[in-house]
Amino acid sequence: MPKPKYHIIICTNTRPPGHPKPSCGAAGSPGLLMTFNMGLMERGYQPGEVLVTGSACLGPCEQGPTVVVYPDATWYSQVKEADVPAILDEHIGKGKPVEKLKPNSVWGG
Ligand code: FES
């Protein structure tokens, strides 16, 4: 398999009902996985060219759903399915992170 150009990591962590912390899973992140994968296919990316992976908690739960794009380690917060085309077209396609989706800092400062 060729080395991937980008790796998109999506927090899909969920927590039990009543847990005091929010979770990306409860905020809709599982749907993001499919939306990213479908968007890559629609744009003609070959399998493995851009990886999309669900993950456990990445840390900034209150700002979820959290998405991180490597190799440039760009963190996105409160990502919605409607934001996926911008990430795919601007960041993955043109190498320009989507500024409006970046948190003030990774940890919300
Ligand atoms: S639950 Fe997604 S960052 Fe913690």
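**Loop, sheet and core**

Modeller: Arginine 43 lies in the loop between α1 (29–42) and β2 (50–55). Helices (H or I, at least four residues) and strands (E, at least two) are DSSP runs, numbered from the N terminus. This is a predicted model: local features need pLDDT of at least 70, side-chain atom pairs count only at pLDDT 80 or more, and totals for chains, interfaces and linings use all residues. Residues are numbered from 1 along each chain as its sequence is written.

Colleague: Is arginine 43 buried, partly exposed or exposed?

Modeller: A residue is buried if 20 or more other C-beta atoms lie within 10 Å of its own, exposed if 12 or fewer, and partly exposed in between, with C-beta atoms placed from the backbone. Arginine 43 has 13 other C-beta atoms within 10 Å, and therefore it is partly exposed.

Colleague: Which residue in the hairpin of β3 and β4 takes a positive phi?

Modeller: Within β4, tryptophan 75 is the bridge partner of valine 68. The hairpin has three residues between the strands, and a positive phi near 55° is taken by alanine 73.

Colleague: Which residue stands opposite isoleucine 8 in β3?

Modeller: Two residues are in contact if their C-beta atoms, placed from the backbone, lie within 7 Å. Leaving aside residues up to four places away in sequence, isoleucine 8 touches Phe36, Val50, Leu51, Val52, Val67 and Val69. The residue opposite isoleucine 8 in β3 is valine 69.

Colleague: Which residues touch the most other members of the largest nonpolar core?

Modeller: A nonpolar core is a set of buried Ala, Val, Leu, Ile, Met, Phe, Trp, Tyr and Cys residues joined through C-beta atoms within 7 Å. Of the 18 residues in the largest such core, those that touch the most other members are Ile8, Leu32 and Val67.

Notes: Two strands pair if DSSP finds at least two bridges between them.
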